[in-house]
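Colleague: I would like to learn how to read ring contacts and strand pairing in a model. Can we go through a case step by step?

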Amino acid sequence: MSALLLWLFTFMIVPLASSNEPPTIYLSKYYGDKQCAISYTFDDGVLEHYTLVFPRLKELGFYATFWINGNSINVAEKHGSYNGIARISWKGLREMAEAGHEISNHGWSHKKLTECSPEEVQEEVHRNDREIAAQTGFWPTTYCFAGNSMNPELVQQVSKGRVGVRIRQYRMGRRSSAQVLEEKLTSLISKGEACVTMIHGITHGHDPFSSAAILWDHLEQVKALEDKIWVARFKDLAAYQKAYDNTQLQIVPMGEYAWKIIPICTLDAALFRVRLTMVIEGQTAENITISQGGKLLRPMPGNNKILVDIDPHGPPIRIVKTN
């Protein structure tokens, strides 16, 4: 009887081992399958962002977004400051942009768009776009409302041709303590949320920190948690989130131990040039080959899963298991 049962058991599991059931495949909510995300954004182009923040971010390997007003930069270059505060020069902004940071649109002269005529709105938005592009070599694809003054109509209007607009933000400055910021990080990780910061002055100016060390220590803490936190420029976070929300994966069997994954993204491919992280659970990089459009993709090992960056607008992805 025991021999018969063993024979039956063996017979039953053979078809399962040769079945073509696909592994669990899905898109990660955040790039690199991180648990949460933070985008550090700095308002108004104050000089401290260049002299203090820029080198500190370079040391940490972080990239941020700097919202600037073209008129303020021009006035400061002629008179040394704007409203009594020194500003980054266009030369400095170009250097930051070429180093990988996002220099983006905060309105030409920091006017509240809710108080502007339609003509003034056009001037504030598009003149600043053109000036930033001319001075830095990079066309802005995001927007930040001056004074956070907005309404649904303006958000819809300004969003055209952009990957994102800052409509919610987490203020960091005078009221930020080490404990408050540590609690914020704990909350982000536990809830799996994304956070877009709003930072003005560092040591002086509008809403500076009580001590710059609070910001520096916070950034060091984030660096230590980099396996859990994705630190991204605003345009990258905004584009990723929208692509994630508007992309589906269609899984098609292609024979034994092979599958075709068809990404279907409804966004404008020319504007949303973003790569998404695809997760394949229960696999190792040693026993699987992944390609998209005939190009091999390099899998990144995870905890009993592998991660791979895919083009949501690209051709089908082919997955082949070697055993």
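Modeller: Start with helix α2 (residues 48-60), where tyrosine 50 and phenylalanine 54 lie four residues apart, about one turn of the helix. Keep in mind that this is a predicted model.

Colleague: How are the rings of tyrosine 50 and phenylalanine 54 arranged: stacked or edge-to-face?

Modeller: Planes under 30 degrees apart count as stacked. Tyrosine 50 and phenylalanine 54 have 25° between the planes and 5.7 Å centre to centre, so the pair is stacked.

Colleague: Is each of the two buried or partly exposed, and why?

Modeller: Buried means under 20% relative accessible area. Phenylalanine 54 is at 10%, so this residue is buried. Tyrosine 50 has 26% and is therefore partly exposed.

Colleague: How many aromatic pairs does a search of the whole structure find?

Modeller: It finds seven. One of them joins tyrosine 31 and tryptophan 230, with ring centres 5.8 Å apart; the planes are at 40°, so the pair is tilted. This pair links distant parts of the chain, 199 residues apart: tyrosine 31 is in the loop between β1 (25-27) and β2 (36-39), and tryptophan 230 is in strand β10 (residues 229-231). Tryptophan 230 is buried at 12% relative accessible area, while tyrosine 31 is partly exposed at 30%. Ring pairs also bring in Tyr240, giving a cluster of Tyr31, Trp230 and Tyr240.

Colleague: Which charged residues sit over a ring?

Modeller: The test takes a charge within 6 Å of the ring centre and within 35 degrees of the ring normal. The charged end of arginine 56 sits over the ring of tryptophan 216, 4.5 Å from its centre. Lysine 184 lies over the face of tyrosine 170, 4.6 Å from the ring centre.

Colleague: Now the strands. How many residues of strand β17 (residues 305-310) are buried?

Modeller: Six of its six residues are buried.

Colleague: Which strands pair with β17?

Modeller: Strand β13 (residues 276-281) runs antiparallel to β17 and is joined to it by six bridges. Within that pairing, valine 279 has leucine 307 as its bridge partner. Strand β16 (residues 300-301) is also antiparallel to β17, over two bridges, and proline 301 is partnered with isoleucine 306.

Colleague: What lies between β16 and β17 in their hairpin?

Modeller: Three residues lie between the strands, and in this hairpin asparagine 304 takes a positive phi near 60°.

Note on methods:
Residues numbered from 1 in each chain as written. Predicted model: local features only at pLDDT ≥ 70, side-chain atom pairs only at ≥ 80, totals over all residues. Heavy atoms only, no water. Phe/Tyr/Trp six-rings, centres within 6.5 Å; stacked < 30°, edge-to-face > 60°. Buried < 20%, exposed > 50% of the residue type's maximum accessible area, 1.4 Å probe, protein only. Pairing = 2+ DSSP bridges.
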